[in-house]
Amino acid sequence: MMIPIFEGFGDVLYEVALALLPIIIFFLFFQFFVLKLPFGKLKDIFIGMFLTFWGLAFFLQGVHVGFLPIGTAMGEALGQIPYKWILIPIGFVLGFVAVFAEPAVTVLIQQVEKASGGYIPQKILLYTLSIGVAVSVALAMVRLLLGIPIWYFIIPGYIIALSLTFFSSKSFTAIAFDSGGVATGPMTATFIVALFIGMASVLEGRDPLLDGFGMVAMVALAPIISVLTLGLIYGRKEKENDREFRQEHDG
């Protein structure tokens with residue numbers, strides 16, 4: 001039976017409006033008493049709010065009628081293939097491209113490049129996040145196939161992440177922990193989670209509640225480690241550049 005595209009769209013509109021209403025109220029409060037922006041700027045902001053409202057509504061409707069059903073169906077189909085090892089590279093590819101399609105990641109890398117004055121380029125940070133999430137999804141596939149408890153990945157992962165904070169710069173530490181939240185956005189929390197639940201429902205000896213979930217926690221951890229590692233690389237390059245500068249200056 002085919003699902004109508006706009007089934008339940010009224011409920012989605014109500015939820016989005018309810019979510020955006022407090023933001024609009026706070027903005028209007030600051031506009032009248034603090035900001036007092038000119039009409040032209042105010043017009044642009046309200047156009048942006050209008051586009052945000054409909055963009056979120058259509059996206060969430062797409063999640064309900066598209067992402068979740070197709071993710072579950074793909075997971076069930078992949079879980080039945082005879083060569084289970086191929087799920088690991090498939091997970092790597094899905095994790096890599098999911099970051100590219102994540103709207104929040106795009107905003108983050110643009111803000112980081114702007115705030116750093118171009119010191120941290122968008123492409124470098126994007127590929128760092130993509131590789132980190134790709135590895136985490138591949139490891140989540142290994143966990144699902146072998147039935148390994150999630151604590152075997154989460155506890156060592158956070159120990160590594162916390163250890164790296166002592167060696168990475170403060171700026172990269174701040175970016176890293178924000179990246180963990182950004183990477184677990186709509187793409188990961190809708191399509192890939194549904195994919196894992198679909199696979200767990202057809203794999204023998206796997207429970208969708210115990211084995212299908214937990215992937216988001218691993219995805220949230222991976223960007224932290226990858227960005228902190230990038231900070232170590234940047235720190236080493238800075239030391240090498242300082243050493244070369246001192247040698248040239250002394251010479």
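**Close-up views of a predicted model**

**View 1. Helix α7 and its buried residues.** In this predicted model, helix α7 covers residues 170-183, and its 14 residues reach 20 Å from the first C-alpha to the last, which is close to the 20 Å expected at 1.5 Å a residue. Within α7, the buried residues are Phe172, Thr173, Ile175, Ala176, Ser179, Gly180, Val182 and Ala183. An α-helix has 3.6 residues a turn, so residues three or four places apart point the same way.

View 2. Phe92, Val93, Val97, Phe100, Tyr127, Ile131, Val135 and Leu139 together make a nonpolar surface patch of about 670 Å². Two helices, α3 (87-100) and α5 (122-146), each supply at least two residues of this nonpolar patch. One of the patch residues is Phe100, which is found in helix α3 and counts as partly exposed because its relative accessible area of 37% falls between the 20% limit for buried and the 50% limit for exposed residues.

View 3. Ser136 counts as buried because its relative accessibility is 3%, and the cut-off for buried is under 20%. A polar atom of the Ser136 side chain lies 2.6 Å from the backbone oxygen of Val133. When residues up to four places away in sequence are not counted, Ser136 touches Met218, Val219 and Ala222.

Technical notes:
Residues are numbered from 1 along each chain as its sequence is written. This is a predicted model: local features need pLDDT of at least 70, side-chain atom pairs count only at pLDDT 80 or more; totals for chains, interfaces and linings use all residues. Side-chain values use heavy atoms; hydrogens and water are left out. Patches are made of residues with over 30% relative accessible area and no salt bridge: like charges are joined within 9 Å, nonpolar side chains (Val, Leu, Ile, Met, Phe, Trp, Tyr) within 5 Å. Accessible areas come from the Shrake-Rupley method with a 1.4 Å probe; for residues, only the protein chains shown count as cover. A salt bridge is a side-chain nitrogen of Lys or Arg within 4 Å of a carboxyl oxygen of Asp or Glu. Helices (H or I, at least four residues) and strands (E, at least two) are DSSP runs, numbered from the N terminus. Buried means under 20% relative accessible area, exposed over 50%, partly exposed in between (1.4 Å probe, protein chains only). A polar contact is a pair of N or O atoms within 3.5 Å; within protein, one must be able to donate a hydrogen and the other to accept it, and residues adjacent in sequence count only if both atoms are side-chain atoms. Contact means heavy atoms within 4.5 Å. The expected span of a helix is 1.5 Å times one less than its number of residues.
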